[in-house]
Amino acid sequence: MYSYTIFIMLLPLLSFIILGLAGMKMQHKVAGWIGTCSLGLVTILSYLTAFQYFGADRVNGIYQTIVPYNFTWLPLGNLHFDLGILLDPISVVMLIVISTVSLMVHIYSFGYMHGEKGFQRYYAFLSLFTMSMLGLVLATNIFQMYMFWELVGVSSYLLIGFYYPLKPAIAASKKAFIVTRFADMFFLVGILTFGYFTDSFSFSFAGDIVMGQGTTPFIQGSMAKAVAAGGFIIPTALVLMFIGGAGKSAMFPLHIWLPDAMEGPTPVSALIHAATMVVAGVFQIARMFPLWIEYAPQAMSIVVWVGVFTAFYAAAVACAQTDIKRVLAFSTISQIAFMMVALGVCLPGHEALFDNHAQLGYMAGMFHLFTHAMFKACLFLGAGCIIHAVHSNEMALMGGLRKYMPITHVTFLISCLAIAGIPFFSGFSSKDEIITACMQYSPVVGWIMTGIAAMTAFYMFRLYYGIFWGTENVEAHEHHTPHEAPLSMTIPLIVLCVITVGVGIYSTLGGFLGWGGSFGSYVAAAGTDYTIHFDTQIAATSTIIAILSICLATYIYKGESQPIADRLYKTFPKLHRAAYKRFYQDEIWQYVTHRIIFRCVSTPIAWFDRHIVDGTFNFMAWGANEAGESIRSWQSGDVRQYAVWFLTGSVALTLILLCI
Amino acid sequence: MIPVECYFALSALLFFIGVYGFVTRRNLIAMLISVELVLNAVDINFAAINRLLYPEGMEGMFMTLFVIGVAAAESAVAIAIIINVYRKFRSDSVDAIQNMKR
């Protein structure tokens, strides 16, 4: 019934292979069309899957988990690595998110990358990325997820370093790869620990637990293993996996790679570093969610507090950045932290676990993932249009662009309103649900998150006014008048905006009036139909706070000159500088790695490797060489001499054998 | 009836003549002939011992025939090599081709 889902993964793989092998012989247009058409088909198939999946009847009030394909790839005793496709509400929602954003980015890149050297390579990498991300969300077990997780990391590395002649691009791609790989090491250790103690890599027994059946997975393992696993092993494994997720999702302190990843082409930032790949960590937590709930509810607070701190930190840094892509990068970090917090707060009291309201956070986190992907992709693509027009990332060279770029201006404004959490835009519904969930968890977290939401509104509108209002940089615009982007770049913006507004209007009205049929009906922790219903008090508070901070940003940044901003800057130069320098996180990492780890750990290890390990092998090679040299003269080339030696040898052997 | 020791004596004699010739001769053809002598000594041994120990079996005889066949092939190859060596070095002495070791 779902047998066509295999093509969702095969088509991008095919287009990657074709473009990767034959791309350089193709014209730019042909390569672009191959990539875009295969992705268009994938998008159609994804929507078909979603339509069919959510159109099917619920069994016992939940959507069935469907596995159309699964085969054992590597059997290892009780353990086995499988490859397959798994459809459940979150993976189907992720299919929609990935294919939509990816298709938009493919179309947009026609305009943005027009005439670039390596255009075909770019499309090949985009296809590879899409394939691996789809494989990640469709994985039937943790190990398959990990495989595609690494593939996603590789394609991200390749795309960040797309402009490989430029030094910063190489440095950024290396940094991204090393930092995420470092985090993935913990993920791998977590997976292996988990697999060793539970004899399974599958999520399926997890799926049983969330339905309250609580079947034990430890039938085949020994009793001691089972006891250890039930006690502290599963929480440890889950926290290790969370570190992997935190690396991919740029949680503090592993966030340092994401701002630098903006060296890649802007559509790539929109696709990978804003909408899809960076939410892999959130998706991972959501996938493992039943395990977290059942075995490690206390450890969930780690997720919450890491999320809260990251959200605050990133928001604070975003207020001081001047590179528009950096602002967006930090806002991405902050928003992903919102999703993490939402998943983490999803257990206010364990007995109320399966109560409909307690699972609010899970739904809210996934909902925010969905809405954020749409409006953040739109923001990034808008930023791409601006960079395309101005040829710079610096806000100082912009200002007053609203006259030149009307479509970009309107779509950017709508997305800013969405991220700020204004009613009737999609960000409002999801963010409001997150804050409600936080309030239920603990009012402290709730109010902190409200404050961070206010900061979000503030820095997004600072960015908006800095780009589209304020002083026009006449000098820069003289030899190059900014112009609206071509149609291939504006259409994706409009499509993403329509989704943002459409989802926003439906879910806002539905939330206040208590209609069903919105996001909660499809994705919920227990799988049952959950009707989003706003808490009017919280909704009103967060809306008022968001509007107030937008007003504040308007007041400070809208005018031609910005006296208040200048005065603030003069009053707190150190604070501004620290925020601009990202609170010296990069320097701290640099110090820790170079001064402490490299000097105290790596240098002795390198010495050991050079002198002991290499020395042993060099000695063996030297010995063989010497032995060869010393018997070399025996080979004289005189056949009769050989014959005598041969004869002597055989006579000697015969005598020895006779004596024995 | 010829006693079996005579066969052994003949075989040993042939063998050592062959070995001696192989070691002392420089001429490639002479060395080849010496090798043939060694092989023939073995053939005689095979045939004699077969008759002595297993008169009803024929395996030793077959082995002899087999060795003769192999020896024929071997001398064909060896002579081909010797002809080539002669063409190249204008000599049929083993000392001429000492530098073949490299």
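Biologist: Among the elements of chain A, which helix has the lowest mean pLDDT and which the highest?

Modeller: This is a predicted model, in which local features need pLDDT of at least 70 and side-chain atom pairs count only at pLDDT 80 or more, while totals for chains, interfaces and linings use all residues. Residues are numbered from 1 along each chain as its sequence is written, with chains lettered from A and ligands numbered from 1 in the order in which they are written. pLDDT is the predictor's confidence in each residue, from 0 to 100; helices (H or I, at least four residues) and strands (E, at least two) are DSSP runs, numbered from the N terminus. Among the elements of chain A, the lowest mean pLDDT, 43, belongs to helix H7 (residues 204–210), and the highest, 91, to helix H5 (residues 142–160).

Biologist: Over which residues of chain A is the pLDDT below 50, with 28 contacts in the model beyond near neighbours in sequence?

Modeller: Two residues are in contact if their C-beta atoms, placed from the backbone, lie within 7 Å. Where pLDDT is low, the predicted coordinates should not be read in detail. The stretch with 28 such contacts and a pLDDT below 50 is residues 206–221 of chain A.

Biologist: What is the mean pLDDT of chain B?

Modeller: For chain A the average pLDDT is 83, and 92% of the residues score at least 70. In chain B, 98% of the residues reach 70 or more, and the mean pLDDT is 90.

Biologist: How many residues does the contact take from chain A and from chain B?

Modeller: The model scores ipTM 0.82 and pTM 0.78. The contact takes eight residues from chain A and eight residues from chain B.

Biologist: Is A:Ile435 buried or exposed?

Modeller: A residue is buried if 20 or more other C-beta atoms lie within 10 Å of its own, exposed if 12 or fewer, and partly exposed in between, with C-beta atoms placed from the backbone. A:Ile435 sits in helix H17 of chain A, and, not counting residues up to four places away in sequence, A:Ile435 touches A:Gly446, A:Met449, A:Thr450, A:Ala453, A:Ile538 and A:Ser542. Because A:Ile435 has 28 C-beta neighbours inside 10 Å, A:Ile435 counts as buried.

Biologist: How many of the residues of H14(A) are buried?

Modeller: Helix H14 (residues 324–344) of chain A has 21 residues, which at 1.5 Å a residue should span 30 Å, and its end C-alpha atoms are 30 Å apart, so the two values agree. The expected span of a helix is 1.5 Å times one less than its number of residues. H14(A) is mostly covered, and the number of its 21 residues that are buried is 21.

Biologist: At which residue does helix H25 of chain A bend?

Modeller: Of the 46 residues of H25(A), the number buried is zero, so H25(A) lies largely in the open. The bend at a residue is the angle between axes fitted to the seven residues ending there and the seven starting there. In helix H25 (residues 585–630) of chain A that angle is about 55°, and the bend is at A:Phe598.

Biologist: What is the omega of the peptide bond from A:Phe252 to A:Pro253?

Modeller: Most residues other than glycine have a negative phi, and most peptide bonds are trans. A:Pro253 lies in the loop between helix H8 (223–248) and helix H9 (257–260) of chain A. The bond from A:Phe252 to A:Pro253 is cis, with omega near 0°.

Biologist: What is the phi of A:Phe424?

Modeller: A:Phe424 is placed in the loop between helix H16 (406–420) and helix H17 (426–441) of chain A. Because A:Phe424 has 15 C-beta neighbours inside 10 Å, A:Phe424 counts as partly exposed. Although A:Phe424 is not a glycine, its phi is positive, at about 75°.

Biologist: Which residues is B:Val35 in contact with, leaving aside its neighbours within four places in sequence?

Modeller: B:Val35 lies in helix H2 (residues 28–53) of chain B and is partly exposed, with 17 other C-beta atoms within 10 Å. B:Val35 and B:Val19, 16 residues apart in sequence, are 7.5 Å apart in space, C-alpha to C-alpha. Leaving aside neighbours within four places in sequence, the contacts of B:Val35 are B:Gly18 and B:Phe22.
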